[in-house]
Amino acid sequence: MLIAQIVFIALLVIAITLFSRQVRKIRRNILLGRDEQISGNRWKRWKNVLLLAFGQKKMFRNWIPAILHLFVYLGFIIINLEILEIILDGILGTHRLFLPYIKPVYPAFISAFEVLAVLVILACSIFLIRRNILHVRRFENPEMTCWPRRDANNILIFEIILMLLFLTMNASDQALQMKHYGHYYPTGSFLITHPIAQHLQQISPGLLVGLERGSWWLHIAGVLFFLNYLPYSKHFHILLAFPNTYYASLEPKSQMPLMADIVPEVRSMMGLEADDSQSAPASPPVHFGARDVFDLSWRHLLAAYSCTECGRCTAACPANQTGKKLSPRKIMMDTRDRLEEIGRNIDMHGSFVDDGKSLLNYISEEELRACTTCQACVEECPVSISPLAIILELRRYLVMEASSTPQEWNAMFTSIENNGAPWTFPPDERGQWASRLA
């Protein structure tokens, strides 16, 4: 038993150490973004966390996938309570540590976990069918090939295996209880596995112990592997969805953020009075808009890591629906990919060494120009991610620094500069069209 405890503790320490190291790298990558002060109603922010991250509010716009996702979500949260007992058993060398303390309700708890395990298996199986057989359109976009597709399938298959191991462990445990074997003390009947255990009694005790211990070890090893898989997967949103909803913008969706660096100059150009609250900064910005992830704020980069690649943003995007190249989901995936690339650069050299690339090597001008800024992607995102915020910053860089704009836009900019409006008429002639109505 002592050797098993030592092996378990070593496995636990290695898993937690590796996970912590990867989380620190992700935190470092997020903080590569420029600073942004978060203000606004704190209670409203917590309300968003409770409704959107915990309550899954936006998911229930479509009931069937919402309920299936709820099974997986609850399964992930609640069944992990059972993991606590497994970890303590592994460290202390005990078996079902909590049983003596909550014996009257213990079978009810485990039965509830087993029902959730079955629902998770059901939901994950349906999700696999939707992705790979029914070919739901939003999972078929070009950005969802290769690793994104494998990642989604990996996690669904992995969850099914974990739940099957959990049920196998309980079924063989119950069968050993019926045989009054060793330290497998009576726990009471578990709802799902008790009928299975009755059939397993035909197996020899030695084989049942091997089945129970094998399932136990594979289950906890799988959980620890899953823990370390998360930082490399889109499923890290399981953790980051909560801070992302807290720090999400509270401004009305129709209100786009101004560029504080140029507001005074624009007001002066348009003949407006100076606003003392929007004075020019003491030093000029490194870039107008964003050329690379360094020019985005840490909140934008946190959102990139929080994206679950569900594609609801892309499905609602009018530009994408009309066949244009823009996919808001791809904007977030590209931002994360570029950030990961920079992270690997820093890991290799100790600090970032210019690689001659930028975020515009990932996101094309055609994609950026296709956006109508309608905010449908922002409205649809279940965890309040704004692909539009990144699109706006990149477009601002293209216009203000790279001077890369279509000819039609240049004519509009000239009119705004000369006439204060996108039309070619001077301000004193704008109302002439109404004279013919008199």
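Which residues of helix H8 (residues 237–247) are buried? Select that helix to begin, and you will find that its buried residues are His237, Ile238, Leu240, Ala241, Asn244, Thr245 and Tyr246, where buried stands for under 20% relative accessible area, exposed for over 50%, and partly exposed for what lies in between (1.4 Å probe, protein chains only). The cover over these buried residues includes H2, helix H3 (63–92) and helix H10 (298–306); helices (H or I, at least four residues) and strands (E, at least two) are DSSP runs, numbered from the N terminus.

Before moving on, note that this is a predicted model, in which local features need pLDDT of at least 70 and side-chain atom pairs count only at pLDDT 80 or more, while totals for chains, interfaces and linings use all residues. Residues are numbered from 1 along each chain as its sequence is written, and side-chain values use heavy atoms, with hydrogens and water left out.

**The two domains**

Next, colour the protein by its domain assignment, which gives domain 1 (1–34 + 48–232) and domain 2 (246–250 + 261–270 + 285–425); such bounds come from an automatic or database domain assignment. The C-alpha centres of domain 1 and domain 2 lie 38 Å apart, and the contact between them takes 22 residues from domain 1 and 36 residues from domain 2, contact meaning heavy atoms within 4.5 Å. About 2500 Å² is buried between domain 1 and domain 2, with carbon and sulfur atoms giving 51% of that area; buried area is the accessible area (1.4 Å probe) that two parts lose on being put together, summed over both. Select Ile30, Arg34 and Arg138 in domain 1, which lose the most area to domain 2 and together make up 25% of what that side buries.

**Across the interface**

Between domain 1 and domain 2 the rule finds five salt bridges, each a side-chain nitrogen of Lys or Arg within 4 Å of a carboxyl oxygen of Asp or Glu. The elements that give two or more residues to the side of domain 1 that touches domain 2 are helix H1 (2–30) and helix H2 (42–54), and H1 supplies the largest share of that side, five residues. By class, the side of domain 1 that touches domain 2 has ten nonpolar, four polar and eight charged residues, where Ala, Val, Leu, Ile, Met, Phe, Trp, Tyr, Cys and Pro count as nonpolar, Asp, Glu, Lys and Arg as charged, and the others, Gly among them, as polar.

**Individual residues**

Now go to histidine 300, which is found in helix H10 and is buried because its relative accessible area is 12%. Not counting residues up to four places away in sequence, histidine 300 touches Arg34, Met332, Ala389, Ile390 and Glu393.

Glutamine 375, in the loop between helix H14 (365–370) and helix H15 (376–380), also counts as buried, because its relative accessibility is 13%. Leaving aside its neighbours within four places in sequence, glutamine 375 is in contact with Lys253, Ser254, Met256 and Leu388.

Finish with two loop residues. Histidine 180 lies between helix H5 (147–178) and helix H6 (193–200), has a phi near 55°, a positive value in a residue other than glycine, and counts as exposed because its relative accessibility is 68%. Serine 403 lies in the loop between helix H16 (387–400) and helix H17 (407–419); its phi, near 50°, is a positive value in a residue other than glycine, and serine 403 is exposed, with a relative accessible area of 58%.
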